[in-house]
Amino acid sequence: MIEIKRVALYARFSSDHQRTESIDAQIRAMKEFCDHNKWKIVETYIDETYSATNDRRPSFQRMITDSEKGLFDIVLVHKLDRFSRNRYDSAVYKNKLKHNGVRLCSVLERLDDSPESIILEAMLESIGEYYSSNIAREVMKGLKENAFHCKHTGGSPPLGYDVGPDKKLVINEREAEAVRIIYDMYINGYGNRDIAERLNAAGYVTKKGNPFAPNHAAFYEILNNLKYTGTYVYNRSSAKDYNHRRNSHRHKPEEEIIRIANGCPAIISQETFQKKICFCRRKIGCKTLLPLLRHGSVWRMR
């Protein structure tokens with residue numbers, strides 16, 4: 001009696017440039033492949049708008065966990081880069097599947113256990129990782145070009161600003177009032193809780209439309225954003241770590257940061273920002289402020 005292989009399908013797309021039609025096409029091709037091989041599909045895992053350059057994909061992780069339960073014999077992908085575009089992750093998770101008695105197969109890349117397939121698979125994984133890295137480099141090049149023209153580079157603009165038709169920041173007067181209150185109260189010695197209560201009592205809301213909370217991180221971002229002084233800043237935050245997490249308190253080397261004076265409309269004066277720095281120095285010392293003081297005599301303490 002011929003043993004019927006139990007198959008789990010895994011489909012993924014990574015961005016808005018790929019749509020749900022991409023998932024449908026992958027699933028259709030995999031179903032046809034299973035029909036041809038007389039394999040039985042027992043589960044389907046789908047990750048939408050998740051990159052394969054890391055393993056933080058909910059359906060992917062659920063599939064790896066389920067592989068321990070003996071639910072399927074094969075994980076089938078349309079193409080190997082749907083499984084991973086990181087050689088290390090690919091090796092780790094293929095090894096986990098193998099340990100659980102599960103084989104990874106691809107519709108488009110017909111690989112077996114031969115030595116030649118091992119080399120070919122390694123080459124395909126390297127090409128996939130190169131493709132992702134090259135796209136990231138090209139995207140960054142475009143973002144930097146927009147930054148040199150002082151255009152907004154994506155995401156939600158800071159509190160106090162909207163994005164105009166030309167993609168440049170314009171002042172949102174209502175929100176700008178909240179920003180000025182935050183700076184004024186902080187300089188005069190009020191804590192985060194007092195500032196939040198004052199803003200909420202006056203009916204101000206965050207950029208997402210929520211009441212202000214006495215959150216140190218949120219106020220930190222506002223109180224250390226040079227754009228409020230009219231200086232456009234881009235590429236300041238440190239790169240993501242191996243786990244693709246970013247520490248917003250760490251900054252890139254000075255030569256990598258783009259700063260353009262008068263690149264956006266100012267909400268507070270440079271004098272007010274300088275007072276904030278002086279107050280911070282008195283309150284918490286100089287060490288945490290050194291990154292703020294590196295970039296020119298306007299900000300340096302005399």
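Q: What makes up the fold of this chain, in helices and strands?
A: There are nine helices and eight strands in the chain. Bear in mind that this is a predicted model.

Q: How much of the chain is buried?
A: Of the 302 residues, 38% are buried, and buried here means under 20% relative accessible area.

Q: What share of the contacts in the chain with a separation of 6 or more comes from residues 24 or more positions apart?
A: That share is 67%.

Q: Why is Asn225 called buried?
A: The cut-off is under 20% relative accessible area. Asn225 comes in at 18%, so it counts as buried. You'll find Asn225 in the loop between α8 and β7 (232–234). Leaving out residues up to four places away in sequence, Asn225 touches Pro158, Tyr183 and Phe273.

Q: And why does Cys280 count as buried?
A: Cys280 has a relative accessibility of 7%, and with the limit at 20% it therefore counts as buried. Cys280 sits in helix α9.

Q: How do you know that the buried residues of α7 are on the same side of the helix?
A: The residues in question are Asn192, Ile195, Ala196 and Leu199. They cover an arc of only 95° around the axis, so they lie on the same side of α7. The background is simple: an α-helix has 3.6 residues a turn, so residues three or four places apart point the same way.

Q: What do the buried residues of α7 pack against, and which exposed residues are on the face turned away?
A: The buried residues pack against α6 and α8. On the face turned away, α7 carries the exposed residues Arg193 and Ala201. After α7 comes Gly203, with a positive phi near 85°.

Q: How does the span of α6 compare with the one expected at 1.5 Å a residue?
A: Helix α6 runs over residues 173–187, which is 15 residues. From first C-alpha to last it reaches 21 Å, close to the expected 21 Å. Just after α6, Gly189 takes a positive phi of about 90°.

Q: Which residues of α6 are buried?
A: Quite a list: Glu175, Ala176, Ala178, Val179, Ile181, Ile182, Tyr183, Met185 and Tyr186.

Q: Which residues of the largest nonpolar core touch the most other members?
A: This core has 30 residues, and the ones touching the most other members are Ile182, Tyr183, Leu199, Phe212, Phe219 and Tyr228. Two or more residues each come from α6, α7 (192–201), α8 (216–223) and α9 (270–284). The largest share is that of α6, with eight residues.

Q: What does Tyr228 touch?
A: Not counting residues up to four places away in sequence, Tyr228 touches Pro158, Leu159, Tyr161, Val179, Tyr183, Ile222, Ala266, Ile267 and Ile268.

Q: What belongs to the second, separate core?
A: That core has 15 residues, including Ala8, Ile64, Val75 and Tyr93.

Q: At what angle do α2 and α4 pack, and which residues meet?
A: Helix α2 (residues 58–66) and helix α4 (residues 87–99) pack at about 30°, with axes 9 Å apart. From α2, Phe60, Gln61 and Ile64 meet Tyr93, Lys96 and Leu97 of α4. Sorted by type, the contact of α2 with α4 has four nonpolar residues, one polar and one charged.

Methods:
Residues numbered from 1 in each chain as written. Predicted model: local features only at pLDDT ≥ 70, side-chain atom pairs only at ≥ 80, totals over all residues. Heavy atoms only, no water. Axes fitted to C-alpha atoms, helices over the stretch in contact; angles between N-to-C directions. Helix = DSSP H or I, 4+ residues; strand = E, 2+ residues; numbered from the N terminus. Contact = heavy atoms within 4.5 Å. Nonpolar A, V, L, I, M, F, W, Y, C, P; charged D, E, K, R; others polar. Expected span 1.5 Å × (residues − 1). Buried < 20%, exposed > 50% of the residue type's maximum accessible area, 1.4 Å probe, protein only. Core = buried A, V, L, I, M, F, W, Y, C linked by side-chain atoms within 4.5 Å. Arc of directions from axis to C-beta.
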